[in-house]
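This briefing concerns the structure shown below. The points that follow are grouped by topic for ready reference.

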Amino acid sequence: MNLLIDENIPGAREAFARFGSVRLMAGRAIDAAAVRDADALLVRSVTRIDRALLAGSRVRFVATATAGTDHVRIDELDALGIRFAHAPGSNADSVVDYVLGVLGLAYPAPRGLAGRTVGIVGCGQVGARLLVRLRALGVACRVYDPLLTRDIPPESCTLQETLACEVLSLHVPLTREGAHATRHLLGARELARLRDDALLINAARGPVVDNAALLEAMRRRPALRAALDVWEHEPQLDRALLARVLIGTPHIAGYAHDGKLRGARQVYAALRAFLGAGASPADPPELRPAPAGVLRAEDCGSWQQAVLACYDPRSDDARLRAAMLDEDEGARAAAFDRLRRDYPLRREFSAWRIGTAAAPGTPVHAALLAAGFVA
């Protein structure tokens with residue numbers, strides 16, 4: 001069996017070699033010629049999966065090791081008789097960690113988020129987990145998700161009400177059709193409803209926010225802040241917008257090592273089930289992360305301090321700004337992808353133990369547990 005795999009899936013060569021011959025490629029380089037002789041194709045979010053890519057190939061199984069599927073034409077795979085799998089929820093905790101990193105930077109102790117409200121747009125895998133952690137931290141929230149039909153949180157409200165919050169965090173899939181399409185969910189009209197001192201966080205998909213309208217809003221309202229992990233027209237991005245945001249990162253909110261391995265495990269399990277491969281191990285060790293370690297007491301004066309000790313988004317921001325200095329547009333696009341490919345090891349908060357950094361029963365210990373660290 002020939003497997004073509006995105007090189008950004010960790011542990012892929014070792015784990016998936018149990019099923020056959022493995023070839024690794026950059027996601028954006030995967031084309032019809034590359035997949036022609038493959039039996040299975042495993043990707044992440046940058047490869048467009050459709051009939052044009054796969055027609056005439058031997059591929060019978062496609063999986064994306066990501067929660068999002070907006071890069072996959074599932075209907076066209078069905079028409080070609082190709083089985084499809086993805087990894088729902090795999091990087092949800094990684095994205096929540098990213099959001100807490102931004103919040104810890106933007107709202108440091110001692111006041112933090114006291115007296116402020118966080119609006120969460122989209123209450124799926126990521127939004128729901130963010131809500132749980134913010135509730136545990138004592139942060140007031142409002143939630144907008146018109147697609148929820150069950151487990152509707154008491155914080156549910158209208159989009160207009162979430163737009164009035166001090167913080168607005170976006171966690172919706174990218175959809176372009178239907179009554180609740182999310183492309184340009186935040187356009188000029190919605191952005192005008194934000195508070196002048198609001199913080200907008202987009203760790204969903206770039207086109208959920210009209211980037212040109214956001215730039216214009218930030219030019220007119222200098223106190224308006226934004227943290228953007230995703231951008232319209234990736235891997236290109238608007239450098240004028242990057243210059244104005246509080247934090248800009250190269251679509252890596254879900255790139256914690258634990259989340260990427262979780263996605264790889266889900267794809268591995270789906271391929272194993274597709275093949276009926278009883279002989280291959282159900283839980284390959286190459287796709288299991290080791291514990292990260294123990295927090296230091298000097299990093300645990302507050303949950304914000306602990307969060308930033310484990311993940312400070314300013315490091316990713318600095319690398320992106322440096323990469324975007326190149327005047328050549330093609331070089332900038334290549335640099336954006338390179339930052340994702342060569343992303344440094346980052347661990348989810350749940351991989352870190354509190355240990356003796358904070359005494360059990362104290363407010364700080366409770367806050368660390370609420371933020372996602374483990375006892």
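In strand β3, Leu-42 is the bridge partner of Ile-5, and Ile-5 also stands opposite Leu-24 in β2. The model is predicted, so that local features require pLDDT of at least 70 and side-chain atom pairs count only at pLDDT 80 or more, whereas totals for chains, interfaces and linings use all residues. Residues are numbered from 1 along each chain as its sequence is written, and side-chain values use heavy atoms, with hydrogens and water left out.

- Strands are DSSP runs of E with at least two residues, helices are runs of H or I with at least four residues, and both are numbered from the N terminus.
- Two strands are taken to pair if DSSP finds at least two bridges between them.
- Strand β1 covers residues 2–6 and is mostly covered, with four of its five residues buried; buried means under 20% relative accessible area, exposed means over 50%, and partly exposed lies in between (1.4 Å probe, protein chains only).
- β1 runs parallel to strand β2 (residues 21–25), to which five bridges join it.
- With strand β3 (residues 40–43), β1 pairs in the parallel sense over three bridges.
- In a regular strand, side chains alternate between the two faces of the sheet.

- The bridge partner of Leu-200 in β10 is Ala-226.

**Backbone geometry in loops**

- The peptide bond from Ala-109 to Pro-110 is cis, with omega near 10°, and Pro-110 is placed in the loop between α5 (92–106) and β6 (117–121).
- A cis peptide bond also runs from Glu-234 to Pro-235, with omega near 10°; Pro-235 lies in the loop between β10 and α10 (239–244).
- The loop between β10 and α10 also holds His-233, which has a positive phi of about 70° although it is not a glycine.
- His-233 has a relative accessible area of 62% and is therefore exposed.
- His-184, also not a glycine, has a positive phi of about 55° and sits in the loop between β8 (167–170) and α8 (188–192).
- Because its relative accessibility is 23%, His-184 counts as partly exposed.

**The chain as a whole**

- The chain has 15 helices and 13 strands.
- Its radius of gyration is 21 Å, which agrees with the value near 21 Å for a compact globule of 375 residues; the radius is taken over C-alpha atoms, and the globule rule is 2.2 Å times the number of residues to the power 0.38.
- The C-alpha trace spans about 60 × 50 × 45 Å along its principal axes.
- Of the 375 residues, 54% are buried.
- Among contacts (heavy atoms within 4.5 Å) with a separation of 6 or more, 63% are accounted for by residues 24 or more positions apart.
- Carbon and sulfur atoms contribute 51% of the accessible surface of about 15700 Å², calculated by the Shrake-Rupley method with a 1.4 Å probe.
- There are 47 positive and 43 negative side chains, and the centres of the two sets lie 2 Å apart; Lys and Arg count as positive and Asp and Glu as negative, without His and the chain ends, and each charge is placed at NZ of Lys, CZ of Arg, CG of Asp or CD of Glu.
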